[in-house]
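Reader: Can you walk me through the helix packing in this one? Keep it short.

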Amino acid sequence: MHSRDERSFALSIMIVALALICFILLHKINVSDNMSVAYISITFTLFVTTIANFIERISLHSMGVSGFIGICLYFITEQINTPIILFDAFGLGIIALGLIITARLYLNAHTPYQVYLGAVIGFLSGYFGCIGSTYLLF
């Protein structure tokens, strides 16, 4: 999607769908606290991305993977008995981010500024979305 209107429409649909999923998971199914925090953080990250899309055309690919890295880092730093698979996911996320940034730049789909800005926005919104959702839920 090259135009901001197309991207905004798709992002809006994803936000509504994830907000509905969050509501169902929190109030109807009663999933674990970590799952609730992760889904709220993902919804927050998409909301921040939609706002950033109106300001600058950022890389949604790098934003998504770095948001995942931010969520993994939050759970690694906040949990006492961190499962080893979380460290594996964090490391694979960093490798995937490097590959995605390289691919987006190689294909001339984005400028370096757009790719790095997407990565920074994704990481910060993923990490701080988890922090905010823990205060919201607990």
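**Helix packing**

Author: The buried residues of H4 pack against helix H3 (60-78) and helix H5 (112-137). Contact here means heavy atoms within 4.5 Å, and helices are DSSP runs of H or I with at least four residues, numbered from the N terminus. This is a predicted model, where local features need pLDDT of at least 70, side-chain atom pairs count only at pLDDT 80 or more, and totals for chains, interfaces and linings use all residues. Residues are numbered from 1 along each chain as its sequence is written, and side-chain values use heavy atoms, with hydrogens and water left out.

Reader: Which residues of H4 are buried?

Author: Leu86, Ala89, Gly93, Leu97, Ile101 and Arg104. Buried means under 20% relative accessible area, exposed over 50%, and partly exposed in between, with a 1.4 Å probe and protein chains only.

Reader: Why that kind of spacing?

Author: An α-helix has 3.6 residues a turn, so residues three or four places apart point the same way.

Reader: Switching to H1 and H2: at what angle do they pack?

Author: About 160 degrees, with the axes of H1 (residues 4-29) and H2 (residues 33-55) 9 Å apart. Axes are lines fitted to C-alpha atoms, for helices over the stretch in contact, and angles run from 0 to 180 degrees between N-to-C directions. H1 and H2 are therefore roughly antiparallel, a label for angles over 145 degrees.

Reader: Left-handed or right-handed crossing?

Author: The H1 and H2 crossing is left-handed: the near helix is turned anticlockwise from the far one by less than a right angle, while clockwise would be right-handed.

Reader: And H2 with H3, what angle?

Author: Roughly 150 degrees, with the axes of H2 and H3 coming within 11 Å. The crossing of H2 and H3 is right-handed. Among the residues in contact are Val37 and Ile42 of H2 and Ile71 and Phe75 of H3.

Reader: Is Thr77 buried or partly exposed?

Author: Thr77 is in H3 and is partly exposed, with a relative accessible area of 45%. Thr77 and Ile100 are 23 residues apart in sequence and 25 Å apart in space, C-alpha to C-alpha.

Methods:
Helices (H or I, at least four residues) and strands (E, at least two) are DSSP runs, numbered from the N terminus. Angles under 35 degrees count as roughly parallel, over 145 as roughly antiparallel, 65 to 115 as roughly perpendicular and the rest as oblique.
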